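Student: Could you take a close look at the salt bridges in this model, and explain which side chains pair up and how exposed each partner is?

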Amino acid sequence: EIKKQFIDTQKILYVSQDYPLVQSHPAAAPAALALRCVYQQKPDAYQSAKDALFQMTSQLSEEKLVKLAKDMALDSEQFNACRQNKETANQVISSLKYGAELGINSTPTFFIGKLENGKLTDYEIVDGAKPFEHFKQVIDSKMSGK
């Protein structure tokens with residue numbers, strides 16, 4: 001609903017960052033790498049790949065990642081090379097460090113605010129999967145400046 005009412009209508013900008021909680025989800029790091037590699041080849045497939053990975057988190061395996069690449073019609077050699085690339089891993093690590101600096105300790109975590117000169121200002125943090133009405137209230141208050 002957030003996507004439909006706010007993102008698709010370009011009322012808000014949505015930015016997603018990797019934050020794999022590897023202590024509680026050992027499959028999170030390979031999933032984050034796989035998502036980066038999906039995005040590299042096919043940006044439009046990112047969200048559907050993310051949804052698929054979240055549905056299989058407890059059963060994530062190399063075979064499932066290979067199947068994901070096939071389902072997304074990716075070049076499997078390029079996908080596998082990307083997942084082995086140190087630069088891709090460094091991007092995930094950098095995103096994880098950035099999240100830690102911001103004080104994130106759970107996912108999902110949302111920062112809802114204003115973008116001014118490339119920086120997020122006047123923001124509110126929303127932890128967890130809250131009902132749409134909660135997000136709408138926060139977004140509306142930021143858009144109205146109240």
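Tutor: What follows goes through the salt bridges of this predicted model, pair by pair.

A search of the whole structure finds seven salt bridges, among them the pairs D8 with K3, R36 with D18 and K142 with D122.

In the pair of D8 and K3, the side chains meet at 2.8 Å, taken from N to O. D8 has a relative accessible area of 47% and is therefore partly exposed, and K3, at 47% relative accessibility, also counts as partly exposed.

The side chains of R36 and D18 form a salt bridge with an N to O distance of 2.5 Å. This pair links distant parts of the chain, since R36 belongs to helix α2 (residues 28-41) while D18 sits in the loop between α1 (2-7) and α2, 18 residues apart. Here R36 is partly exposed at 26% relative accessibility, whereas D18 is buried, because its relative accessible area of 8% falls under the 20% limit.

For K142 and D122, the salt bridge has an N to O distance of 3.5 Å. K142 lies in helix α7 (residues 132-144) and D122 in strand β2 (residues 119-127), so this contact ties together parts that are 20 residues apart in sequence.

Note on methods:
Residues are numbered from 1 along each chain as its sequence is written. This is a predicted model: local features need pLDDT of at least 70, side-chain atom pairs count only at pLDDT 80 or more; totals for chains, interfaces and linings use all residues. Side-chain values use heavy atoms; hydrogens and water are left out. A salt bridge is a side-chain nitrogen of Lys or Arg within 4 Å of a carboxyl oxygen of Asp or Glu. Buried means under 20% relative accessible area, exposed over 50%, partly exposed in between (1.4 Å probe, protein chains only). Helices (H or I, at least four residues) and strands (E, at least two) are DSSP runs, numbered from the N terminus.
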